[in-house]
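Trainee: I'd like a close look at one part of this model, please. Could you walk me through it in one go?

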Amino acid sequence: MAVSMGLHVSPEFPAVLERIDALGGALEADADAAEELGRLTEDVGRALLGAGVVRAALPQSLGGYEFSPCQLIETVERVSYHDSAAGWTMMALQLMTGTTAAYLDAVAMADLFPDVAGGDHALLAGHGTRPGRAVPVEGGYLVSGSWQFASGMAHATHIHSAIQVEGTGELRVLAMPKSQVELVDNWDVLGLRATHSIDYHCADVHVPATHTYLATTTNPANGGAIYRLGLVNMSAIGHTGWALGVGRRLLDELKRVAAAKSGTHNAAVDTAQFHAEYATAEAKLRSARAWAMEVWRGIEDILEAGELTSTEQDTLLRLALNHATWTVQEVGQTVHRWAGTAAIRRGPIDRFLRDLGTGTQHITSSPTVLQNCGKWLSGAQPQAHWEFLDLTP
C-alpha cells in the first residue's frame, strides 16, 4: 500500500491559488450562462480541473498534490470567492474523488486512477447519505438505490454513493461508472443553480467488492495523514472553505457598492449606522475564519504526530463549520440590507446571496449537528463519540 504516515504540506499550493485567481474573470463572465445551463460551462470546468483544484485532494503517491487540510480550505475558499457555484462544484468533486483515491486498493486504482499527474483519472460525484441496498454476490454486490444532491455530476465520470450491505447492515461507499445509473434532471432551485446537484438511481447493478470501501474507515490505502480523518471529517474541510469564500466576496461586493454610492443624495452608505454594521460584519467573518483555521491547525498537529482526532476535535471541526456557515449567513443579511437594488438585480450580490441561502441548508450545518456539538461540549454526554453526523452515547 502506498501510505505515508506524515502530514503532507504541498509546495504546489501557491501556484494553484495563482492559477485559480487567473481564472477569476472567466468565472465571472460565464456565471450567468452556467446558471442557465444548470452546471458550469465546459470551458470553466476544464480550466478549474486544469488548475489542479481536484488534484489538490488526490494522494501524492498517485501523482496528486495532497494538500493539507488548511491548504484545502484556502483552495475551496479561493474558488468560491470568484464564483460560489464553481466553488461548491469543485468542493464536491474534490472530496469524492480524493477520498475514493485514498480508500480503494490497487485493483480499483489501476482502473480509476491510472495517470493522475497526466490528468487521466476518474472524477466522482454523488451522495453519501440515504444509502442504497447492496446484496452480496460472488465478487461484489448487486446495488439498488436512489440518491439525491449529486453536486458536480455534469463533470463526473463515476458515481460515489453510500450503500448498506444486506444481512450485515455494514455501510460501504462505492465507485462505479456514471453510465450505470439513470440521472434525473430535476435540479430546479433558486440558489446553487449551476452545481448540477441532480438525483440519480439504479437497480441491481453489479459493483465489484474491489470498488467499495468501509464508509467509516480511517485507514487509507493510498496517501498520507490527511486521509486518516475519514470521509465525514474531510467533508467539513471543503464546506468550511466554501462559506468563508462566499462571505469574503459578499463583503467585498458591498464595499464596491458603498464606494459607488457614497456622496450621492441621502446615501445610506454614508451613515454611521452603515459603517458600524459593516465593521461588525467584518469582525464576525474574520473571527469565524481565524477560529476555523485555529481548529484545523490543531488537527494538523495531531495528524502530523500520527494520531487520530479525538471526540473533542471531531466536535470542534463540526462546530467551526456550523459557526462559519451561519456567521456568513448573518454577513449576507447585512449585505442585503445595505446593498439596495444591487441585491435584487442580476449580478454578483444577487447570485452569491441566492447560493448562500441554498448552501446553508446542507446537512453538515444543520441545527441537529449544532445540538450534538453542544451535548458533547457541555458535558451532557461525556462518553459519546461521533458516527457520521450523529453523536452516539
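Is Asp 355 buried or exposed, and which side chain of opposite charge is nearest to it?

Mentor: Bear in mind that this is a predicted model, where local features need pLDDT of at least 70 and side-chain atom pairs pLDDT 80 or more, while totals for chains, interfaces and linings use all residues. Numbering runs from 1 along each chain as its sequence is written, and side-chain values use heavy atoms, without hydrogens or water.

Asp 355 is buried (under 20% relative accessible area with a 1.4 Å probe, protein chains only; over 50% is exposed, in between partly exposed). Arg 354 is the nearest side chain of opposite charge, but at 4.8 Å there's no salt bridge (Lys or Arg side-chain nitrogen within 4 Å of an Asp or Glu carboxyl oxygen). Asp 355 belongs to helix α10, residues 348-359 (a DSSP run of H or I, at least four residues). What its side chain does reach is the backbone nitrogen of Leu 192, at 2.5 Å, a polar contact (N or O atoms within 3.5 Å, one donor and one acceptor).

Leaving out residues up to four places away in sequence, Asp 355 touches, among others, Glu 35, Ser 84, Gly 191, Arg 193 and Trp 242 (heavy atoms within 4.5 Å).

Now follow that tryptophan. The structure has 8 aromatic pairs (ring centres within 6.5 Å; planes under 30 degrees apart are stacked, over 60 edge-to-face, the rest tilted; Trp counts by its six-membered ring). Trp 242 pairs edge-to-face with Trp 88, 4.9 Å between centres and 85° between planes. Since Trp 88 sits in helix α5 (84-103) and Trp 242 in helix α7 (231-261), the pair ties together parts 154 residues apart in sequence. Like Asp 355, both tryptophans are buried.

Key
Helix = DSSP H or I, 4+ residues; strand = E, 2+ residues; numbered from the N terminus. Lys, Arg positive; Asp, Glu negative; His and termini not counted.
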